[in-house]
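Visitor: I have a structure open and want to learn how to read it. Where do we begin?

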Amino acid sequence: MTRSPRFEDIEIGYELPLLKKGPMGNALLMRWSSATENWHRIHYDAVFAVEHDQLPGLLVQGSLKQQFLAQLLKDWAGSEGWLWKLGFQFRAMNLVGETLQVWARVVDKRELPEFGLVSLELGIVNENGKESTPGKATVALPYREGAPVPYPFPPIEQPEPA
């Protein structure tokens with residue numbers, strides 16, 4: 001189990017270590033289609049994807065890209081922190097053969113009584129720097145001298161919009 005970073009030690013602007021995935025291969029996409037029971041042929045039948053749907057190649061599943069984002073944040077939060085919120089948009093396709101890098105940067109911090117919240121921008125870029133999946137997330141981290149973030153994760157009061 002990985003020890004969680006401590007809230008006090010994280011600065012705004014900090015960039016999480018990149019998570020590299022790929023190059024994306026046919027076998028990975030087929031296994032992911034099988035595991036998720038997503039049998040759309042654009043993920044495993046190249047002839048269908050290109051000739052029938054007029055796509056440039058086999059597409060990496062959105063749910064697989066979602067998992068990559070969650071993996072980066074969960075691994076960073078460690079065994080004592082929590083990924084609380086994750087939101088993203090699919091803005092571009094990723095294809096078999098691409099190498100993807102999942103990135104995140106701290107943009108804000110908020111102290112709560114038992115733990116701190118870290119807000120991040122994040123996304124997925126291919127080897128050409130093309131961003132396909134921009135998003136935002138919130139991770140709960142323990143304080144340096146505090147307890148791990150509680151399980152189950154407690155509800156957090158949200159201020160009413162003005």
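Guide: Begin with a pair: glutamate 111 stands opposite glycine 116 in β4. This is a predicted model, in which local features need pLDDT of at least 70, side-chain atom pairs count only at pLDDT 80 or more, and totals for chains, interfaces and linings use all residues. Residues are numbered from 1 along each chain as its sequence is written, and side-chain values use heavy atoms, without hydrogens and water.

Visitor: How many bridges join strand β3 to β4?

Guide: Strands are DSSP runs of E, at least two residues, numbered from the N terminus, and helices are runs of H or I, at least four. Two strands pair if DSSP finds at least two bridges between them. β3 (residues 100–111) and β4 run antiparallel, joined by eleven bridges. A hairpin of four residues links β3 to β4.

Visitor: Which residue is the bridge partner of leucine 117 in β5?

Guide: Alanine 140 is that partner. Seven bridges join β4 to β5 (residues 135–141), again antiparallel.

Visitor: Why is β4 largely enclosed by the rest of the structure?

Guide: Buried means under 20% relative accessible area, exposed over 50%, partly exposed in between (1.4 Å probe, protein chains only). Nine of the eleven residues of β4 (residues 116–126) are buried, so the strand is largely enclosed.

Visitor: Is serine 4 buried or exposed?

Guide: Serine 4 is buried, at 3% relative accessibility. Serine 4 lies in the segment before β1 (19–21). Contact means heavy atoms within 4.5 Å. Among the residues that serine 4 touches are Gly78, Gly81 and Pro142.

Technical notes. Lists of a residue's contacts leave out its neighbours within four places in sequence.
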